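Please look through the following report with the sequence and the model side by side. It treats a metal site and then the pockets.

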Amino acid sequence: MVYNWSGIIQQWLFPPTCLLCGAHATTGKDLCAGCERTLPFIRSSCVCCALPLAISGHGVCGECLGHPPAFDSATAPLRYREPVRHMIQALKFHRRYPHARLLGGLLAESLSERSDLPDWLIPVPLHPDRFRARGFNPSAEIAREVGRRLQLPLETRSAMRTRATASQVGLSAVDRVRNVRRAFAVKPSFHARHVALIDDVMTTGSTVGELAKALRAAGAERIEVWVCARATLAPPDPG
Ligand SMILES: [Zn+2]
Ligand SMILES: [Zn+2]
């Protein structure tokens, strides 16, 4: 029998308790069934950029029809609303690692039916200064959980953020593109055909788009974006 020691140790260190209400969780994750029902799951979305769509099923949004992104497809199980916003901020700003386990678990669950999986998961890298200040990369923590659940390896050394960029929060779509332009570099030793970029939230896709361009130039043929939550710039997400 093969034991998943990292899973066993994690369950022992952090036994499943609902991270939203504190109740004992029986769903196999750190979330009770009642709270899971309140999560803002996305039912239909643009296959290119994960933007929630009003139609049933999946299609391509008007923006992607006119200006296809640098990546091939994107998926997000949740909208960036409460309580998802709280879950992501608890991980990012208060280093709550169990939240990465929950967010990564929900992302992996949304992809569990997939058969054509990527060769590598690439968490969106932080600039070394930001990494030092924060002490960890939230995207890498989420990617670790996704990789553990889907049995996919992580690649954390090939892609680097070479330029320290200002936060994207509060910037317009145009300024977001400008802010991250040429922010990433990929080592010449990089070699992969099919990759998935992992991040916590995607708003306009400018950051993952810029990383996708660098990976494409380095030889990646198929680039997916897997994020926990999809935010929108405007109109504001109603509750
Ligand atoms: Zn709960
Ligand atoms: Zn789209």
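## The metal site

In this predicted model, Cys35 counts as buried because its relative accessibility is 14%, which lies under the cut-off of 20%. Cys32, with a relative accessibility of 12%, counts as buried too.

Both residues belong to the zinc site, where the protein donors of the zinc ion (ligand 1) are the SG atoms of Cys18, Cys21, Cys32 and Cys35, lying 2.3 Å from the ion. Along the sequence these donor residues follow the spacing C-x2-C-x10-C-x2-C. The 4 donor atoms subtend angles of 103 to 117 degrees around the zinc ion (ligand 1), and the arrangement is therefore tetrahedral. For comparison, the ideal angle for four tetrahedral donors at a metal is 109.5 degrees.

## The largest pocket

The largest pocket has a volume of about 1,000 Å³, and among the 41 residues that line it, Lys92, Ser167, Gln168, Val169 and Asp200 are the closest to its centre. Several elements give two or more residues to this lining, including helix 7 (138–150), strand 6 (194–202) and helix 9 (206–217), while the largest share, 5 residues, comes from helix 4. By type, the lining of the largest pocket divides into 18 nonpolar, 14 polar and 9 charged residues.

## The second largest pocket

The second largest pocket holds about 560 Å³ of space and is lined by 24 residues, of which Glu63, Val177, Thr204, Gly205 and Ser206 lie nearest its centre. Helix 3 (62–66), helix 8 and helix 9 each supply at least two residues of this lining, and helix 9 gives the most, with 4 residues. The lining of the second largest pocket consists of 13 nonpolar, 7 polar and 4 charged residues.

Technical notes: Residues are numbered from 1 along each chain as its sequence is written. Chains are lettered from A and ligands numbered from 1 in the order in which they are written. This is a predicted model: local features need pLDDT of at least 70, side-chain atom pairs count only at pLDDT 80 or more; totals for chains, interfaces and linings use all residues. Side-chain values use heavy atoms; hydrogens and water are left out. Donors are N, O and S atoms within 2.8 Å of the metal (3.2 Å for Na, K and Ca); water is not among the atoms, so sites may look incomplete. Four donors count as tetrahedral if all angles lie between 85 and 135 degrees; four count as square planar and six as octahedral if opposite donors are over 155 degrees apart and all others between 65 and 115; anything else is irregular. Buried means under 20% relative accessible area, exposed over 50%, partly exposed in between (1.4 Å probe, protein chains only). On a 1 Å grid over the protein atoms alone, a cavity is a set of points where a 1.4 Å probe fits but cannot get out, and a pocket is an open set with protein on both sides within 12 Å along at least five of seven lines; lining residues have an atom within 4 Å of a point. Grid points are joined across faces, edges and corners, and a volume is the space filled by probe spheres set on the points. Ala, Val, Leu, Ile, Met, Phe, Trp, Tyr, Cys and Pro count as nonpolar, Asp, Glu, Lys and Arg as charged, and the others, Gly among them, as polar.
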